[in-house]
Amino acid sequence: MGMAARRGEVTASPPATSTAQPGFLSGWLSHIPLPKWALIAVAVAVALLLLLFLICIIRCCCCKKKHKKKERVSLQAVSSSTTASLVQPEMEDLEQDREQMRRGKLQYSLEYNFRAQELKVGVKQAAELKAMDSGGTSDPYVIIYLTSDTKKKYETKVYRKTLNPVFNESFNLQVTQAEVSESTLVMQIYDFNRFAKNDIIGEVRLPLASVNLQHVLEQWSDLVAASKVEEEHLGEICFSLRYVPSTGKLTVLILEAKKLKRMDSHGLSDPFVKVHLILNRKKWKKKMTSVKKNTLSPYFNEVFVFEVPFSQIQNVDVVISVWDHDKVTKNEPIGKVFVGCRAGGQQLRHWSDMLCSPRRPIAQWHSLQPPELVDKALGLRAHLKLPLPSR
(Lines give C-alpha, C1' and ligand atoms only; values in the text may rest on other atoms or scores of the structure.)
Protein backbone atom coordinates (compact mmCIF):
# COMPACT_ATOMS: atom_id res chain seq x y z
CA MET A 1 0.00 0.00 0.00
CA GLY A 2 2.82 2.36 0.79
CA MET A 3 4.41 1.75 -2.58
CA ALA A 4 1.13 2.31 -4.33
CA ALA A 5 0.65 5.54 -2.45
CA ARG A 6 4.07 6.69 -3.48
CA ARG A 7 3.37 5.82 -7.11
CA GLY A 8 0.12 7.74 -6.93
CA GLU A 9 1.91 10.75 -5.56
CA VAL A 10 4.39 10.62 -8.41
CA THR A 11 1.71 10.34 -11.07
CA ALA A 12 -0.33 13.15 -9.55
CA SER A 13 2.46 15.69 -9.60
CA PRO A 14 2.48 16.50 -13.41
CA PRO A 15 -1.14 17.80 -13.55
CA ALA A 16 -0.34 20.17 -10.70
CA THR A 17 2.50 21.75 -12.69
CA SER A 18 0.46 21.98 -15.91
CA THR A 19 -2.35 23.92 -14.21
CA ALA A 20 0.18 26.42 -12.81
CA GLN A 21 1.36 27.73 -16.28
CA PRO A 22 -2.01 28.98 -17.57
CA GLY A 23 -2.58 30.71 -14.30
CA PHE A 24 0.72 32.56 -14.60
CA LEU A 25 0.14 33.54 -18.28
CA SER A 26 -3.41 34.72 -17.60
CA GLY A 27 -2.14 36.70 -14.62
CA TRP A 28 0.53 38.36 -16.74
CA LEU A 29 -1.98 39.19 -19.51
CA SER A 30 -4.41 40.63 -17.01
CA HIS A 31 -1.93 43.43 -16.32
CA ILE A 32 -2.06 44.63 -19.99
CA PRO A 33 -4.89 47.17 -20.46
CA LEU A 34 -6.09 45.74 -23.85
CA PRO A 35 -9.00 43.53 -24.83
CA LYS A 36 -8.27 39.88 -25.60
CA TRP A 37 -8.98 40.20 -29.38
CA ALA A 38 -6.37 43.03 -29.68
CA LEU A 39 -3.75 40.93 -27.97
CA ILE A 40 -4.44 38.05 -30.38
CA ALA A 41 -4.08 40.40 -33.41
CA VAL A 42 -0.76 41.76 -32.14
CA ALA A 43 0.54 38.24 -31.61
CA VAL A 44 -0.47 37.16 -35.12
CA ALA A 45 1.22 40.26 -36.67
CA VAL A 46 4.45 39.65 -34.79
CA ALA A 47 4.44 36.02 -35.88
CA LEU A 48 3.95 37.02 -39.52
CA LEU A 49 6.82 39.53 -39.35
CA LEU A 50 9.14 36.92 -37.87
CA LEU A 51 8.12 34.45 -40.58
CA LEU A 52 8.80 36.97 -43.38
CA PHE A 53 12.15 37.85 -41.86
CA LEU A 54 13.18 34.19 -41.79
CA ILE A 55 12.05 33.68 -45.42
CA CYS A 56 14.15 36.65 -46.56
CA ILE A 57 17.26 35.35 -44.83
CA ILE A 58 16.81 31.89 -46.35
CA ARG A 59 16.31 33.28 -49.88
CA CYS A 60 19.42 35.49 -49.67
CA CYS A 61 21.57 32.58 -48.61
CA CYS A 62 20.23 30.35 -51.38
CA CYS A 63 20.80 33.01 -54.09
CA LYS A 64 24.42 33.52 -53.08
CA LYS A 65 25.06 29.80 -53.22
CA LYS A 66 23.46 29.47 -56.67
CA HIS A 67 25.41 32.46 -58.02
CA LYS A 68 28.68 30.97 -56.82
CA LYS A 69 27.78 27.65 -58.41
CA LYS A 70 27.00 29.33 -61.76
CA GLU A 71 30.28 31.22 -61.71
CA ARG A 72 32.18 28.04 -60.98
CA VAL A 73 30.41 26.21 -63.80
CA SER A 74 31.04 28.97 -66.34
CA LEU A 75 34.69 29.27 -65.43
CA GLN A 76 35.17 25.54 -65.50
CA ALA A 77 33.36 25.22 -68.82
CA VAL A 78 35.76 27.64 -70.54
CA SER A 79 39.06 25.94 -71.13
CA SER A 80 42.35 27.64 -70.51
CA SER A 81 43.20 27.72 -74.24
CA THR A 82 39.93 29.49 -75.07
CA THR A 83 40.50 32.07 -72.34
CA ALA A 84 43.98 32.73 -73.66
CA SER A 85 42.65 33.18 -77.20
CA LEU A 86 40.29 35.90 -75.99
CA VAL A 87 43.20 37.81 -74.51
CA GLN A 88 45.87 37.01 -77.10
CA PRO A 89 45.19 35.83 -80.69
CA GLU A 90 46.48 32.47 -81.85
CA MET A 91 49.74 32.38 -83.76
CA GLU A 92 47.87 30.88 -86.72
CA ASP A 93 45.53 33.92 -86.83
CA LEU A 94 48.50 36.28 -86.75
CA GLU A 95 50.12 34.38 -89.61
CA GLN A 96 46.89 34.61 -91.64
CA ASP A 97 46.69 38.38 -91.06
CA ARG A 98 50.29 38.76 -92.14
CA GLU A 99 49.61 36.74 -95.27
CA GLN A 100 46.64 38.98 -96.13
CA MET A 101 48.69 42.14 -95.56
CA ARG A 102 51.63 40.80 -97.52
CA ARG A 103 51.48 42.21 -101.05
CA GLY A 104 55.03 41.61 -102.19
CA LYS A 105 57.98 43.90 -102.85
CA LEU A 106 59.43 45.90 -105.72
CA GLN A 107 63.02 46.59 -106.75
CA TYR A 108 63.68 49.90 -108.52
CA SER A 109 66.42 52.45 -109.21
CA LEU A 110 66.50 56.26 -109.37
CA GLU A 111 68.95 58.56 -111.12
CA TYR A 112 68.49 62.31 -111.53
CA ASN A 113 70.05 64.28 -114.40
CA PHE A 114 70.50 67.82 -113.09
CA ARG A 115 71.45 69.22 -116.49
CA ALA A 116 68.40 67.84 -118.31
CA GLN A 117 66.22 68.12 -115.14
CA GLU A 118 65.09 64.57 -115.72
CA LEU A 119 64.44 61.67 -113.35
CA LYS A 120 65.30 58.23 -114.70
CA VAL A 121 63.25 55.51 -112.99
CA GLY A 122 64.29 51.90 -113.47
CA VAL A 123 61.66 49.26 -112.70
CA LYS A 124 63.78 46.16 -112.04
CA GLN A 125 61.63 43.33 -110.70
CA ALA A 126 58.99 42.30 -108.18
CA ALA A 127 58.91 39.33 -105.82
CA GLU A 128 56.39 37.43 -103.70
CA LEU A 129 53.42 39.29 -105.16
CA LYS A 130 49.94 38.65 -103.84
CA ALA A 131 48.02 36.16 -106.00
CA MET A 132 44.99 37.85 -107.57
CA ASP A 133 43.78 35.14 -109.96
CA SER A 134 41.88 31.98 -109.05
CA GLY A 135 44.82 29.87 -110.22
CA GLY A 136 47.09 31.32 -107.53
CA THR A 137 49.03 33.64 -109.86
CA SER A 138 48.78 37.19 -111.25
CA ASP A 139 49.41 39.05 -114.52
CA PRO A 140 51.40 42.00 -113.12
CA TYR A 141 52.48 45.27 -114.70
CA VAL A 142 53.70 48.56 -113.20
CA ILE A 143 52.40 52.14 -113.58
CA ILE A 144 54.67 55.00 -112.49
CA TYR A 145 54.00 58.74 -112.24
CA LEU A 146 54.77 61.86 -110.20
CA THR A 147 52.17 63.53 -108.01
CA SER A 148 53.21 66.88 -109.49
CA ASP A 149 52.00 65.70 -112.92
CA THR A 150 49.39 62.96 -112.65
CA LYS A 151 48.40 63.25 -116.33
CA LYS A 152 51.69 61.66 -117.44
CA LYS A 153 51.75 57.98 -116.50
CA TYR A 154 54.10 55.30 -117.77
CA GLU A 155 53.45 51.54 -117.94
CA THR A 156 55.60 48.45 -118.20
CA LYS A 157 54.71 45.33 -120.18
CA VAL A 158 52.31 42.77 -118.73
CA TYR A 159 53.89 39.53 -117.50
CA ARG A 160 51.57 36.53 -117.54
CA LYS A 161 50.97 34.11 -114.66
CA THR A 162 53.81 34.99 -112.35
CA LEU A 163 54.32 36.32 -108.85
CA ASN A 164 58.01 37.15 -109.47
CA PRO A 165 58.14 39.21 -112.67
CA VAL A 166 61.39 40.67 -114.04
CA PHE A 167 60.65 43.96 -115.82
CA ASN A 168 64.02 45.64 -116.48
CA GLU A 169 62.41 48.75 -117.98
CA SER A 170 63.34 52.41 -117.46
CA PHE A 171 61.43 55.68 -117.91
CA ASN A 172 62.49 59.34 -118.03
CA LEU A 173 60.25 61.74 -116.10
CA GLN A 174 60.59 65.49 -116.53
CA VAL A 175 60.78 67.26 -113.16
CA THR A 176 62.54 70.53 -112.37
CA GLN A 177 64.80 70.93 -109.36
CA ALA A 178 62.23 73.29 -107.82
CA GLU A 179 59.53 70.61 -108.08
CA VAL A 180 61.66 67.75 -106.78
CA SER A 181 61.21 68.64 -103.12
CA GLU A 182 57.40 68.73 -103.50
CA SER A 183 56.96 65.66 -105.72
CA THR A 184 56.33 62.05 -104.78
CA LEU A 185 57.17 59.15 -107.06
CA VAL A 186 54.32 56.62 -107.20
CA MET A 187 54.90 53.04 -108.46
CA GLN A 188 51.77 50.89 -108.56
CA ILE A 189 51.60 47.20 -109.48
CA TYR A 190 48.35 46.05 -111.13
CA ASP A 191 46.96 42.64 -112.07
CA PHE A 192 45.82 42.67 -115.70
CA ASN A 193 42.31 41.40 -116.49
CA ARG A 194 41.18 41.13 -120.08
CA PHE A 195 37.41 41.23 -119.44
CA ALA A 196 37.22 43.16 -116.16
CA LYS A 197 38.76 46.10 -114.35
CA ASN A 198 42.43 45.70 -113.51
CA ASP A 199 43.00 45.14 -109.79
CA ILE A 200 45.76 46.95 -107.94
CA ILE A 201 48.06 44.71 -105.92
CA GLY A 202 49.94 47.44 -104.06
CA GLU A 203 52.09 50.52 -104.43
CA VAL A 204 55.29 52.23 -103.34
CA ARG A 205 55.25 55.98 -102.64
CA LEU A 206 58.63 57.68 -102.42
CA PRO A 207 58.83 61.40 -101.53
CA LEU A 208 61.74 62.74 -103.58
CA ALA A 209 62.63 65.18 -100.79
CA SER A 210 63.74 62.17 -98.70
CA VAL A 211 66.06 60.83 -101.43
CA ASN A 212 69.66 61.90 -102.02
CA LEU A 213 69.57 62.39 -105.79
CA GLN A 214 73.29 63.14 -105.93
CA HIS A 215 73.86 59.38 -106.17
CA VAL A 216 72.18 56.53 -108.01
CA LEU A 217 69.67 54.77 -105.76
CA GLU A 218 68.74 51.10 -106.09
CA GLN A 219 66.67 49.32 -103.44
CA TRP A 220 63.77 47.03 -102.55
CA SER A 221 60.56 48.36 -100.98
CA ASP A 222 57.52 46.52 -99.62
CA LEU A 223 54.23 47.14 -101.36
CA VAL A 224 51.46 48.74 -99.32
CA ALA A 225 47.74 49.26 -99.90
CA ALA A 226 47.07 51.87 -102.56
CA SER A 227 45.74 55.28 -101.57
CA LYS A 228 42.05 55.67 -102.42
CA VAL A 229 42.21 59.36 -103.33
CA GLU A 230 45.02 61.04 -105.19
CA GLU A 231 45.44 64.55 -103.86
CA GLU A 232 46.28 66.57 -106.95
CA HIS A 233 47.96 69.92 -106.43
CA LEU A 234 46.42 72.43 -108.86
CA GLY A 235 48.41 75.48 -107.79
CA GLU A 236 47.98 78.70 -105.84
CA ILE A 237 46.89 82.21 -106.73
CA CYS A 238 47.35 85.55 -104.99
CA PHE A 239 44.87 88.40 -105.40
CA SER A 240 43.70 91.41 -103.42
CA LEU A 241 40.20 92.73 -102.71
CA ARG A 242 39.13 96.31 -102.01
CA TYR A 243 35.63 97.68 -101.52
CA VAL A 244 34.49 101.29 -101.09
CA PRO A 245 30.93 101.39 -99.70
CA SER A 246 30.34 105.08 -100.55
CA THR A 247 31.03 104.59 -104.27
CA GLY A 248 30.01 100.92 -104.50
CA LYS A 249 33.26 99.96 -106.26
CA LEU A 250 34.76 96.49 -105.80
CA THR A 251 38.40 96.25 -106.96
CA VAL A 252 39.96 92.86 -107.69
CA LEU A 253 43.72 92.85 -108.33
CA ILE A 254 45.11 89.60 -109.79
CA LEU A 255 48.75 89.56 -108.67
CA GLU A 256 50.37 86.20 -109.46
CA ALA A 257 50.07 82.40 -109.39
CA LYS A 258 52.56 79.62 -108.65
CA LYS A 259 53.01 75.86 -108.85
CA LEU A 260 50.23 75.52 -111.41
CA LYS A 261 49.30 72.13 -112.78
CA ARG A 262 51.08 71.28 -116.02
CA MET A 263 48.57 71.12 -118.86
CA ASP A 264 50.69 71.05 -122.05
CA SER A 265 52.68 68.15 -123.48
CA HIS A 266 55.98 69.95 -122.90
CA GLY A 267 55.29 70.20 -119.17
CA LEU A 268 54.16 73.83 -118.98
CA SER A 269 50.95 75.84 -119.38
CA ASP A 270 49.70 79.08 -120.95
CA PRO A 271 47.66 80.41 -118.01
CA PHE A 272 45.21 83.27 -117.82
CA VAL A 273 42.65 84.24 -115.16
CA LYS A 274 38.91 84.84 -115.36
CA VAL A 275 37.08 86.91 -112.75
CA HIS A 276 33.35 86.22 -112.47
CA LEU A 277 30.84 88.04 -110.31
CA ILE A 278 27.92 85.84 -109.23
CA LEU A 279 24.79 87.64 -108.02
CA ASN A 280 22.10 85.53 -106.33
CA ARG A 281 23.59 82.32 -107.81
CA LYS A 282 23.54 83.70 -111.36
CA LYS A 283 26.48 84.83 -113.48
CA TRP A 284 26.54 88.61 -113.55
CA LYS A 285 29.81 90.13 -114.77
CA LYS A 286 33.05 88.73 -116.19
CA LYS A 287 36.56 89.98 -116.95
CA MET A 288 39.85 88.22 -117.78
CA THR A 289 43.58 88.79 -117.75
CA SER A 290 46.08 88.42 -120.57
CA VAL A 291 47.66 85.03 -121.38
CA LYS A 292 51.12 84.23 -120.01
CA LYS A 293 53.02 81.82 -122.27
CA ASN A 294 54.95 78.71 -121.15
CA THR A 295 54.96 79.18 -117.39
CA LEU A 296 53.67 77.58 -114.23
CA SER A 297 54.29 80.69 -112.11
CA PRO A 298 52.76 83.62 -114.04
CA TYR A 299 52.87 87.23 -112.86
CA PHE A 300 49.81 89.28 -113.88
CA ASN A 301 49.39 92.43 -111.74
CA GLU A 302 46.13 93.29 -113.53
CA VAL A 303 43.28 95.16 -111.85
CA PHE A 304 39.53 94.99 -112.46
CA VAL A 305 36.87 97.30 -111.04
CA PHE A 306 33.23 96.28 -110.65
CA GLU A 307 30.31 98.44 -109.55
CA VAL A 308 28.47 96.66 -106.76
CA PRO A 309 25.91 98.62 -104.70
CA PHE A 310 26.29 98.31 -100.97
CA SER A 311 22.79 96.77 -100.78
CA GLN A 312 24.00 93.86 -102.99
CA ILE A 313 27.46 93.22 -101.53
CA GLN A 314 26.14 90.47 -99.25
CA ASN A 315 24.66 88.61 -102.25
CA VAL A 316 27.78 88.67 -104.44
CA ASP A 317 30.36 85.89 -104.90
CA VAL A 318 33.68 86.52 -106.67
CA VAL A 319 34.95 83.49 -108.59
CA ILE A 320 38.65 83.45 -109.57
CA SER A 321 39.46 80.72 -112.12
CA VAL A 322 42.79 79.89 -113.77
CA TRP A 323 42.68 78.52 -117.32
CA ASP A 324 45.17 77.05 -119.78
CA HIS A 325 44.96 78.78 -123.16
CA ASP A 326 45.06 76.61 -126.27
CA LYS A 327 44.90 77.90 -129.85
CA VAL A 328 43.89 74.59 -131.42
CA THR A 329 41.57 72.99 -128.88
CA LYS A 330 39.26 74.34 -126.19
CA ASN A 331 40.71 76.19 -123.20
CA GLU A 332 40.92 73.95 -120.14
CA PRO A 333 40.29 75.05 -116.53
CA ILE A 334 43.15 74.41 -114.13
CA GLY A 335 41.38 75.33 -110.90
CA LYS A 336 39.01 77.75 -109.21
CA VAL A 337 38.41 79.51 -105.92
CA PHE A 338 35.60 81.79 -104.78
CA VAL A 339 35.19 84.38 -102.03
CA GLY A 340 32.01 85.78 -100.56
CA CYS A 341 29.56 85.37 -97.70
CA ARG A 342 28.79 81.81 -98.84
CA ALA A 343 32.45 80.77 -98.84
CA GLY A 344 34.28 79.13 -95.96
CA GLY A 345 37.72 78.93 -94.38
CA GLN A 346 40.37 81.29 -95.76
CA GLN A 347 38.05 82.48 -98.53
CA LEU A 348 35.40 83.68 -96.08
CA ARG A 349 38.10 85.26 -93.88
CA HIS A 350 39.52 87.16 -96.86
CA TRP A 351 36.05 88.51 -97.73
CA SER A 352 35.34 89.45 -94.11
CA ASP A 353 38.68 91.28 -93.81
CA MET A 354 37.79 93.27 -96.93
CA LEU A 355 34.40 94.30 -95.51
CA CYS A 356 35.92 95.19 -92.15
CA SER A 357 38.63 97.34 -93.78
CA PRO A 358 36.88 99.54 -96.36
CA ARG A 359 39.04 101.45 -98.88
CA ARG A 360 42.08 99.27 -98.03
CA PRO A 361 43.27 96.47 -100.37
CA ILE A 362 43.59 93.06 -98.68
CA ALA A 363 45.89 90.56 -100.45
CA GLN A 364 46.01 86.82 -99.74
CA TRP A 365 47.16 83.51 -101.28
CA HIS A 366 44.56 80.81 -102.02
CA SER A 367 44.90 77.18 -103.10
CA LEU A 368 43.06 76.34 -106.29
CA GLN A 369 40.29 73.74 -106.06
CA PRO A 370 38.81 71.41 -108.70
CA PRO A 371 36.41 73.43 -110.89
CA GLU A 372 33.53 70.99 -110.46
CA LEU A 373 33.69 71.29 -106.66
CA VAL A 374 33.52 75.09 -106.80
CA ASP A 375 30.65 75.03 -109.31
CA LYS A 376 28.78 72.59 -107.08
CA ALA A 377 29.29 74.77 -104.00
CA LEU A 378 28.00 77.79 -105.93
CA GLY A 379 25.04 75.88 -107.32
CA LEU A 380 26.24 76.41 -110.89
CA ARG A 381 26.12 73.91 -113.71
CA ALA A 382 29.46 72.40 -114.66
CA HIS A 383 28.71 72.68 -118.38
CA LEU A 384 26.23 75.41 -119.25
CA LYS A 385 25.24 75.33 -122.92
CA LEU A 386 24.08 78.69 -124.21
CA PRO A 387 21.71 78.80 -127.21
CA LEU A 388 23.36 79.81 -130.44
CA PRO A 389 22.20 83.16 -131.90
CA SER A 390 19.85 82.81 -134.84
CA ARG A 391 21.14 84.03 -138.17
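Student: What does the side chain of Thr-147 reach?

Tutor: The backbone nitrogen of Thr-184, at 3.0 Å from the Thr-147 side chain. A polar contact is a pair of N or O atoms within 3.5 Å; within protein, one must be able to donate a hydrogen and the other to accept it, and residues adjacent in sequence count only if both atoms are side-chain atoms. This is a predicted model, in which local features need pLDDT of at least 70 and side-chain atom pairs count only at pLDDT 80 or more, while totals for chains, interfaces and linings use all residues. Residues are numbered from 1 along each chain as its sequence is written, and side-chain values use heavy atoms, with hydrogens and water left out.

Student: Where is the place of Thr-147?

Tutor: In the loop between strand S3 (140–146) and strand S4 (149–155). Helices (H or I, at least four residues) and strands (E, at least two) are DSSP runs, numbered from the N terminus.

Student: Is Thr-147 buried or exposed?

Tutor: Thr-147 counts as buried because its relative accessibility is 14%. Buried means under 20% relative accessible area, exposed over 50% and partly exposed in between (1.4 Å probe, protein chains only).

Student: Switching topic: which loop is Lys-161 found in?

Tutor: The one between S4 and strand S5 (166–174). Lys-161 is not a glycine, although its phi is positive, about 45°. Lys-161 counts as exposed because it has 68% relative accessibility. Asn-168, which lies in strand S5, also is not a glycine and has a positive phi of about 55°. At 57% relative accessibility, Asn-168 counts as exposed.

Student: What sheet do the four strands form, and in which order?

Tutor: An open sheet, S5-S2-S1-S8, with antiparallel pairing. S5 and strand S8 (217–222) stand at the edges with a single partner strand each, so one side of each has no neighbour in the sheet. On average, neighbouring strands of this sheet are turned by 20° against each other, direction ignored. Two strands pair if DSSP finds at least two bridges between them.

Student: How many bridges join S1 to S2?

Tutor: Nine; S1 (residues 105–113) and S2 (residues 118–127) run antiparallel. Glu-111 stands opposite Lys-120 in S2.

Student: How many residues of strand S11 are buried?

Tutor: Nine of the nine residues of S11 (residues 271–279) are, so the strand is largely enclosed by the rest of the structure. One side has Pro-271, Val-273, Val-275, Leu-277 and Leu-279, and the other has Phe-272, Lys-274, His-276 and Ile-278.

Student: Which strands does S11 pair with?

Tutor: Nine bridges join S11 to the antiparallel S14 (residues 316–324), where Val-318 is the bridge partner of Leu-277. S11 also pairs with S12 (residues 282–288) in the antiparallel sense over six bridges, and there the bridge partner of His-276 is Lys-286. The hairpin of S11 and S12 has two residues between the strands, and Asn-280 in that hairpin takes a positive phi near 55°.

Student: Last one: where does Leu-49 lie?

Tutor: In helix H2 (residues 36–77). Leu-49 counts as exposed because its relative accessibility is 58%.

How values were computed. Axes are lines fitted to C-alpha atoms, for helices over the stretch in contact, and angles run from 0 to 180 degrees between N-to-C directions.
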